[in-house]
Amino acid sequence: MKALVLAGGSGTRLRPITNTSAKQLVPVANKPVLFYGLEAIAAAGIREVGIVVGATHAEIEAAVGDGHGLGLEVTYLRQEAPLGLAHAVLIAADYLGDDDFVMYLGDNFIVGGITEIVRRFAADRPAAQIMLTRVPDPRQFGVAEIGPGGRVVGLEEKPESPKSDLALVGVYLFTPAVHRAVAELKPSRRGELEITDAIQWLIDEGHRVESTVISGYWKDTGNVADMLEVNRLVLEGLEPAVRGRADEASELIGRVVIEDGALVTGSRIVGPVVIGAGSRISHSYVGPFTSIGADCVVADSEIEYSIVLSRSSITGVRRVEASLIGHDVEVTPAPNTPRAHRLVLGDHSKVQISS
C-alpha cells in the first residue's frame with residue numbers, strides 16, 4: 001500500500017501566515033502539522049508516500065526532504081492548481097499504479113493515528129473506506145448517508161440539507177477502482193473534481209464503500225481557532241523536560257519543555273508550554289497552552305494560549321493571548337503620545353473629563 005498526502009492547498013483561512021508559509025508547515029507544539037500525518041502513515045507500516053504539492057512546493061520539499069528521517073520514501077507530485085481532491089488522485093495515477101493507497105489531507109490532525117483502519121482495509125478490501133465523525137454543522141463538510149452495517153449509501157459535498165451529521169474526515173482508503181471513478185468526473189459547481197463525487201460513482205456502480213465513525217479527536221487545522229485548539233490538545237500530552245536552562249529566579253510549574261540552548265531568566269512558566277531551541281525568555285510570564293518556536297525572544301511580557309513561530313520577539317507587552325504569531329515578527333508596545341482635549345463649550349456648560 002502507498003500513501004498520497006495532499007499538501008498543495010493555499011490556506012486562505014490562515015492568512016496572513018500563509019501568505020509566506022505553507023499551511024501544512026504551521027507548527028503544533030513546535031512540529032509542523034504535516035509531520036503528524038506523515039508519522040501516522042509510517043506507524044501504519046506504509047513506506048512509499050507521494051506528496052502532492054503546489055505553489056509552496058519548495059518549502060515543503062525543504063522541510064520533508066526525501067522522507068528518510070521519518071522512515072518514508074517520498075516522491076513529490078506537482079499540482080499546478082488546487083482543482084479538488086479527486087484531481088490530486090488523477091495527477092497521481094501513474095505514481096499510484098495498481099496499488100491500494102491511503103489519501104491523507106496534510107492539514108488534518110487525527111488523534112490515535114490510522115494504523116487500525118489501514119489494517120481493517122487491507123484485510124477486507126472494499127473499493128473505498130472512509131472515516132467519519134459527528135459534527136454540529138455538517139453543511140460545512142462532505143456528508144455521508146449510512147446504511148446497515150456501516151455501508152455508505154450516499155455522499156454529498158457541503159449540502160444545504162444534510163441527511164446526517166456524519167462528516168468526512170480527511171483520510172480515505174482506496175483500491176485502484178477509484179481511478180476509473182475519477183476519470184469519469186466532471187467539475188462541480190465549485191469548479192473542482194470532488195472526491196465525494198468519485199466515491200458516489202463507486203457506490204452507483206455497485207462497488208462496496210465502507211465507513212468507520214471515529215470517536216477520537218479530529219481537526220482540520222484550516223483556521224487560527226482550530227490551530228490553537230490542536231496545539232492545546234497536543235500540549236496536554238507533553239512530558240516535561242528541561243534540556244535548556246532556567247535560572248533560580250524562574251519558576252516552572254507543570255509540564256514545561258525547554259529545548260536545547262533555550263534560556264529562561266526571572267520568569268514564570270505555567271505549563272503545558274514548550275519553549276523552542278535557542279529562545280530567550282526573560283522577566284516574563286508564559287501561560288498554559290503556549291508554543292514558543294526556535295530562536296524567539298519574550299522579554300518583559302505576558303503570553304498564553306498562543307503559538308509563536310521561530311525568530312519572533314515580544315518585548316514589553318502586557319498581555320498576548322489566543323494569538324498565532326508568524327516568523328520574524330516583532331511585537332512591541334505602541335509609543336506613548338500626549339493626549340489633549342479640544343473643547344468648544346457654550347456658556348454655563350458643565351463638563352467632566354476622565355484624565
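This is a predicted model: local features need pLDDT of at least 70, side-chain atom pairs count only at pLDDT 80 or more; totals for chains, interfaces and linings use all residues.
## A buried aromatic pair

Both F101 and F174 are buried. A search of the whole structure finds 4 aromatic pairs, and one of them is formed by F101 and F174. Their ring centres are 5.5 Å apart and the angle between the planes is 40°; the pair is classed as tilted.

The pair links distant parts of the chain. F101 belongs to strand β6, residues 101-105, while F174 belongs to strand β11, residues 166-174. The two residues are 73 residues apart. F101 and F174 also belong, together with Y172, to one aromatic cluster.

## An edge-to-face pair between loops

F289 and Y305 form a further aromatic pair. Their ring centres are 6.4 Å apart and their planes stand at 85°, so the pair is edge-to-face, the class for planes over 60 degrees apart. F289 lies in the loop between β22 (285-286) and β23 (290-292), and Y305 in the loop between β25 (302-304) and β26 (307-308), so the pair ties together parts that are 16 residues apart in sequence.

The accessibility classes of F289 and Y305 can be read from their values. F289 has a relative accessibility of 19% and therefore counts as buried, since the class requires a value under 20%. Y305, at 25% relative accessibility, counts as partly exposed.

## Charged ends over rings

## Backbone features in loops

The peptide bond that joins G271 and P272 is cis, with omega at about 5°. P272 is located in the loop between β19 (268-270) and β20 (273-275).

Positive phi values are found at F289 and D300, neither of which is a glycine. For F289, a partner in the edge-to-face pair described above, phi is about 60°. For D300, phi is about 50°. D300 lies in the loop between β24 (297-299) and β25. With a relative accessibility of 48%, D300 counts as partly exposed, because exposed residues are those over 50%.

Terms used. Residues are numbered from 1 along each chain as its sequence is written. Side-chain values use heavy atoms; hydrogens and water are left out. Rings of Phe, Tyr and Trp (its six-membered ring) pair if their centres lie within 6.5 Å; planes under 30 degrees apart count as stacked, over 60 as edge-to-face and the rest as tilted. Helices (H or I, at least four residues) and strands (E, at least two) are DSSP runs, numbered from the N terminus. Buried means under 20% relative accessible area, exposed over 50%, partly exposed in between (1.4 Å probe, protein chains only).
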